[in-house]
Amino acid sequence: MDLTGRIREKRLLWEVDQRAEETNPMKKRDQGFTLEELLIVLGILARVTVFAVRGITDQGEESACNADVKTLQTAVESYFAQEGGTTIPTSAAVDAGVTRTTSEGTLEEAGLMVDASANYEVPVDGSIQVVSADCGAPGNTA
């Protein structure tokens with residue numbers, strides 16, 4: 001076979017290989033993902049993660065508010081059980097550097113609470129009122 005025949009043969013083999021690659025769907029998939037496909041997947045994962053974290057944060061704030069209310073309820077009930085009566089006299093309570101004259105100060109002095117609540121306030125009647133918007137509408141009873 002002469003040189004021209006070999007070149008034709010090689011060219012035909014190359015064309016056959018090219019057609020096989022074009023028609024074989026697995027060959028195209030072996031190239032990997034495109035940048036667009038990767039960005040779409042990353043966007044979806046980011047969106048799912050943000051919503052999941054937001055839900056966890058909301059649950060944490062709600063749990064903190066519920067724990068705060070339970071602590072105050074227990075302190076009020078303990079005070080009434082120890083001291084008798086239906087009112088709690090007011091005394092100075094320090095909350096984040098601010099001194100407030102409330103019934104919480106009396107509960108602190110009695111050793112029933114360690115610190116005043118930043119989210120709730122206890123009036124003299126022993127009810128629990130919302131102060132922080134994080135735990136409901138301020139002024140409402142918890």
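This is a predicted model: local features need pLDDT of at least 70, side-chain atom pairs count only at pLDDT 80 or more; totals for chains, interfaces and linings use all residues.
Me: Hi! Is M113 buried or exposed?
Reply: M113 is buried, at 8% relative accessible area. Buried means under 20% relative accessible area, exposed means over 50%, and partly exposed is in between, using a 1.4 Å probe and protein chains only. Residues are numbered from 1 along each chain as its sequence is written, and side-chain values use heavy atoms, with hydrogens and water left out.

Me: Thanks! Where does M113 sit?
Reply: M113 is in the loop between α4 (103-109) and β3 (120-121). Helices (H or I, at least four residues) and strands (E, at least two) are DSSP runs here, numbered from the N terminus.

Me: And which residues does M113 touch?
Reply: Setting aside residues up to four places away in sequence, M113 touches L72, A75, E104, L107 and E108. Contact means heavy atoms within 4.5 Å. For A75, the C-alpha to C-alpha distance from M113 is 6.5 Å, although the two are 38 residues apart in sequence.

Me: Zooming out, how many helices and strands does the protein have?
Reply: There are four helices and four strands. Starting at the N terminus, the order is α-α-α-β-β-α-β-β.

Me: What share of the residues is buried?
Reply: Of the 142 residues in the protein, 22% are buried. The protein exposes about 10,400 Å², and carbon and sulfur atoms supply 57% of that area. Accessible areas come from the Shrake-Rupley method with a 1.4 Å probe, and for residues only the protein chains shown count as cover.

Me: What about contacts between residues at least 24 apart?
Reply: They make up 28% of the contacts between residues at least 6 apart in sequence.

Me: Switching to cysteines: which residues does the disulfide join?
Reply: C65 and C135, with the sulfurs 1.8 Å apart. The cut-off for a disulfide is a pair of cysteine sulfur atoms within 2.5 Å, and the structure holds one. The link connects distant parts of the chain: C65 is in helix α3 (residues 35-83), C135 is in the segment after β4 (129-130), and 70 residues separate them.

Me: Which handedness does the link of C65 and C135 have?
Reply: Left-handed, with -75° about the S-S bond. Both C65 and C135 are buried.

Me: Next, aromatics. Which residues form the aromatic pair?
Reply: Y79 and F80, at 6.4 Å centre to centre and 65° between the planes, which is edge-to-face. Rings of Phe, Tyr and Trp (its six-membered ring) pair if their centres lie within 6.5 Å; planes under 30 degrees apart are stacked, over 60 edge-to-face, and the rest tilted. Y79 is buried at 9%, whereas F80 counts as partly exposed at 23%.

Me: Which residues is T106 in contact with?
Reply: Y79 is one of them, along with I88, P89, T90 and S91, leaving aside neighbours within four places in sequence. T106 is in helix α4 and is buried, at 9% relative accessible area.

Me: Now charges. Which side chains meet in a salt bridge?
Reply: E15 and R11, at 3.4 Å from N to O. The rule is a side-chain nitrogen of Lys or Arg within 4 Å of a carboxyl oxygen of Asp or Glu, and a search of the whole structure finds one such bridge. E15 and R11 both lie in helix α1 (residues 3-23), four residues apart, about one turn of the helix. R11 is exposed at 53%, while E15 is partly exposed at 23%.

Me: Which residues make the nonpolar surface patch?
Reply: L35, L39, V41, L42 and L45 make it, covering about 520 Å². Patches are made of residues with over 30% relative accessible area and no salt bridge; like charges are joined within 9 Å, and nonpolar side chains (Val, Leu, Ile, Met, Phe, Trp, Tyr) within 5 Å. V41 is in helix α3 and is partly exposed, at 46%.

Me: Last one: where is T141?
Reply: T141 lies in the segment after β4 and is exposed, at 56%. Not counting residues up to four places away in sequence, T141 touches S127, I128 and Q129. T141 and Q129 are 4.3 Å apart, C-alpha to C-alpha, and 12 residues apart in sequence.
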